[in-house]
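Please keep the sequence and the 3D view side by side as you read.

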Amino acid sequence: MSEKTYDVAALGELLIDFTQNGLSEQGNPLFEANPGGAPCNVLAMLQKLGRRCAFLGKVGADGFGRQLAAVAADAGIDLRGLRYDEEVHTTLAIVQTLPGGDRDFSFYRRPGADANLAPADLDEALLRDCRIFHFGSLSLTGEPCRAATQKAVALAKEGGALISFDPNLRSPLWGSLDEAKAQIAWGLGQADVVKIADNELLFITGEADFDRGAAVLQAQYPNIRLLNVTAGAAGSHAYYGGRQVYAPGCALGGVIETTGAGDTFCACALHFVLKHGLAGLTDADLAAMLRFANAAAYLVTTRKGAIKAMPTPEQVESILNRNKQ
């Protein structure tokens, strides 16, 4: 890839995840205000891996918006593409943890500042100056953020960037699931690299079998050069050049909740692409990518929150060594 100022630029939601953190003396649930948002979570992990990253999005000109900006800046993410909305508040998400560590989301986003990002808000020079542009489906849920996302993808492609997409389905944020499927299909049609969770693969293709679902996507979207399917603790699969590689997940215990795990995996896969490119990858290359990404994602599930929970490369290597034993 040609030399650019930024390794990865990402566009989308930057929000507060209120996650359960015990009970009060009266027995009421306590919620911790964790900075999050999938695209910025991805960048936070990439920064831990030594990559140069920039974020494009919008928060409210309020206390939560300032908190988010401070945390993202402290993580080393360039915020020249961040905008502040004077009228619409920062988006909030209530994340309730289910048995086994999975989550249930309730969003306060109608309106929400991230969804108010408009095409005129975009830093066009930034978008032309990145090696990879990453986005998810939450910025496609409505206007004006949908038009902003579409323009951002076009500008990044003009600059020669690879496009990375994560469907990141959050059903409550869509007017209908048919609309969600149509917009996710658009995102899939733009991408060189895709990270998709098992439930999202089923939603898009109707196939519960990963190999059959991946085959459907690859036939419908030949633009996808590397397709990664994640299945939580059950591990992950990479589909590339007509081949499939699987790596088991980490089974070391201590899972608290899974917020940010998929984003961490996605970041590790993009780090791999930045290092190796997308040409001539071997099964051994793909297996190493999956193992590292699985270990990093596992580590995040043992911590609360996302942006502040990202592990260092040394911590990931330590987990990989433990998981071999």
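Where is Glu25 found? Glu25 sits in the loop between strand S2 (15-23) and strand S3 (29-36); strands are DSSP runs of E with at least two residues, helices are runs of H or I with at least four, and both are numbered from the N terminus. This is a predicted model, in which local features need pLDDT of at least 70, side-chain atom pairs count only at pLDDT 80 or more, and totals for chains, interfaces and linings use all residues. Residues are numbered from 1 along each chain as its sequence is written, and side-chain values use heavy atoms, with hydrogens and water left out.

Glu25 counts as exposed because its relative accessibility is 81% (exposed means over 50%, buried under 20%, partly exposed in between, with a 1.4 Å probe and protein chains only).

Now to the helices. The axes of H9 and H10 come within 9 Å and cross at roughly 105 degrees; axes are lines fitted to C-alpha atoms over the stretch in contact, and angles run from 0 to 180 degrees between N-to-C directions. H9 is therefore roughly perpendicular to H10 (65 to 115 degrees). Their contact (heavy atoms within 4.5 Å) is made by these residues:

| Helix | Range | Contact residues |
|---|---|---|
| H9 | residues 283-301 | Arg291, Phe292, Ala295, Ala296, Tyr298, Leu299 |
| H10 | residues 313-324 | Gln315, Val316, Glu317, Ile319, Leu320 |

In H10, Val316, Ile319 and Leu320 are buried. Seen down the axis of H10, the buried residues fall within an arc of 100 degrees, so they line one face of the helix; the arc is that of the directions from the helix axis to the C-beta atoms. H9 is included in what covers them.

Note on methods:
Parallel < 35°, antiparallel > 145°, perpendicular 65-115°, else oblique.
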